[in-house]
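Here are some exercises to work through with the model open beside you. Try each task on your own before you read its solution.

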Amino acid sequence: MNRHALRGGALLLALLFLLPAVAVRAECPPSDLATARQAYDTAYAFVQQGKWNTAVRHLKEAVAACPEHWNSVELLAQAYLRTKQEDLAVEQYRNLVDGKFGGDLAAAEVRVLSGYGFALLKAQDAAMGEKVY
């Protein structure tokens with residue numbers, strides 16, 4: 001095998017490993033991101049007033065507009081916990097860990113793991129809850 005073929009194979013292999021990381025960091029178009037930010041800000045104001053159900057509606061709008069708006073995903077997971085919708089909270093925490101941290105629990109922030117583990121325990125998934133904690 002010649003050097004050019006080896007380099008080409010190595011480059012292809014490197015690209016295959018980098019593509020998932022690039023996909024994880026994809027951002028929404030500016031207009032969708034602006035919609036998500038506005039919905040997040042509105043939801044956050046409702047959270048500060050203790051109106052979690054209303055916040056959920058706005059956070060769902062934010063995540064629909066831009067699934068990579070991680071603040072919205074995390075706050076939606078917290079809001080689902082506060083409104084006793086544990087299975088939905090688990091789903092959002094899983095989306096957050098998979099999307100923001102590439103599925104790597106070790107890379108996730110402690111506050112995310114804490115919320116995720118708590119949601120799993122509340123949803124009666126003790127085995128996965130132990131793994132996350």
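## Exercise 1: The surroundings of Glu74

Not counting residues up to four places away in sequence, Glu74 touches Leu96, Arg111 and Val112. Keep in mind that you are looking at a predicted model.

**Task.** Find the helix that holds Glu74, and decide whether Glu74 is buried or exposed.

**Solution.**
- Step 1: Glu74 is part of helix H4.
- Step 2: The relative accessible area of Glu74 is 6%. The limit for buried is under 20%.
- Step 3: Glu74 is therefore buried.

## Exercise 2: Aromatic pairs

**Task.** How many aromatic pairs are there, and how are the rings of Tyr40 and Tyr44 arranged?

**Solution.**
- Step 1: Remember what to look up. A pair of aromatic rings is described by the distance of the centres and the angle of the planes.
- Step 2: Rings pair if their centres lie within 6.5 Å, and planes under 30 degrees apart count as stacked. The count comes to two aromatic pairs.
- Step 3: The ring centres of Tyr40 and Tyr44 are 6.1 Å apart and the planes are at 25°, so this pair is stacked.
- Step 4: Now place the residues. Tyr40 and Tyr44 both sit in helix H2 (residues 30-48), four residues apart, which is about one turn of the helix.
- Step 5: Tyr40 has 18% relative accessibility and counts as buried, whereas Tyr44, with a relative accessible area of 39%, is partly exposed.
- Step 6: Tyr93 and Tyr116 also form a stacked aromatic pair, with 6.0 Å centre to centre and 20° between the planes.
- Step 7: Tyr93 belongs to helix H5 (residues 86-100) and Tyr116 to helix H6 (residues 110-122), so their pair ties together parts that are 23 residues apart in sequence. Both Tyr93 and Tyr116 are buried.

## Exercise 3: The nonpolar cores

**Task.** Which residues have the most contacts inside the largest nonpolar core, and which helix supplies the largest share of this core?

**Solution.**
- Step 1: The largest nonpolar core has 30 residues, and Leu59, Tyr93 and Tyr116 have the most contacts inside it.
- Step 2: Check where the core residues come from. H2, helix H3 (52-65), helix H4 (70-82), H5 and H6 each supply at least two.
- Step 3: H4 gives the largest share of this core, eight residues.
- Step 4: Apart from this core lies another one, of seven residues, including Leu33, Ala36, Ala65 and Cys66.

## Exercise 4: The disulfide

**Task.** Which two cysteines form a disulfide, and which parts does the pair tie together?

**Solution.**
- Step 1: Recall the bond. A disulfide is a covalent bond between the sulfur atoms of two cysteines.
- Step 2: The structure has one disulfide. Cys28 and Cys66 form it, with their sulfur atoms 2.0 Å apart.
- Step 3: The link of Cys28 and Cys66 is right-handed, with 95° about the S-S bond.
- Step 4: Cys28 is in the loop between helix H1 (3-24) and H2, and Cys66 is in the loop between H3 and H4, so the pair ties together parts that are 38 residues apart in sequence.
- Step 5: Cys28 and Cys66 are both buried.

## Exercise 5: A histidine in a loop

**Task.** Where is His69, and what does the side chain of His69 make a polar contact with?

**Solution.**
- Step 1: His69 is found in the loop between H3 and H4.
- Step 2: With a relative accessible area of 9%, His69 is buried.
- Step 3: The side chain of His69 makes a polar contact with the side chain of Ser72, at 2.6 Å.
- Step 4: Leaving aside neighbours within four places in sequence, His69 is in contact with Leu33, Ala36, Arg37 and Tyr40.

Technical notes: Residues are numbered from 1 along each chain as its sequence is written. This is a predicted model: local features need pLDDT of at least 70, side-chain atom pairs count only at pLDDT 80 or more; totals for chains, interfaces and linings use all residues. Side-chain values use heavy atoms; hydrogens and water are left out. Rings of Phe, Tyr and Trp (its six-membered ring) pair if their centres lie within 6.5 Å; planes under 30 degrees apart count as stacked, over 60 as edge-to-face and the rest as tilted. Buried means under 20% relative accessible area, exposed over 50%, partly exposed in between (1.4 Å probe, protein chains only). A nonpolar core is a set of buried Ala, Val, Leu, Ile, Met, Phe, Trp, Tyr and Cys residues joined through side-chain atoms within 4.5 Å. A polar contact is a pair of N or O atoms within 3.5 Å; within protein, one must be able to donate a hydrogen and the other to accept it, and residues adjacent in sequence count only if both atoms are side-chain atoms. Contact means heavy atoms within 4.5 Å. A disulfide is a pair of cysteine sulfur atoms within 2.5 Å.
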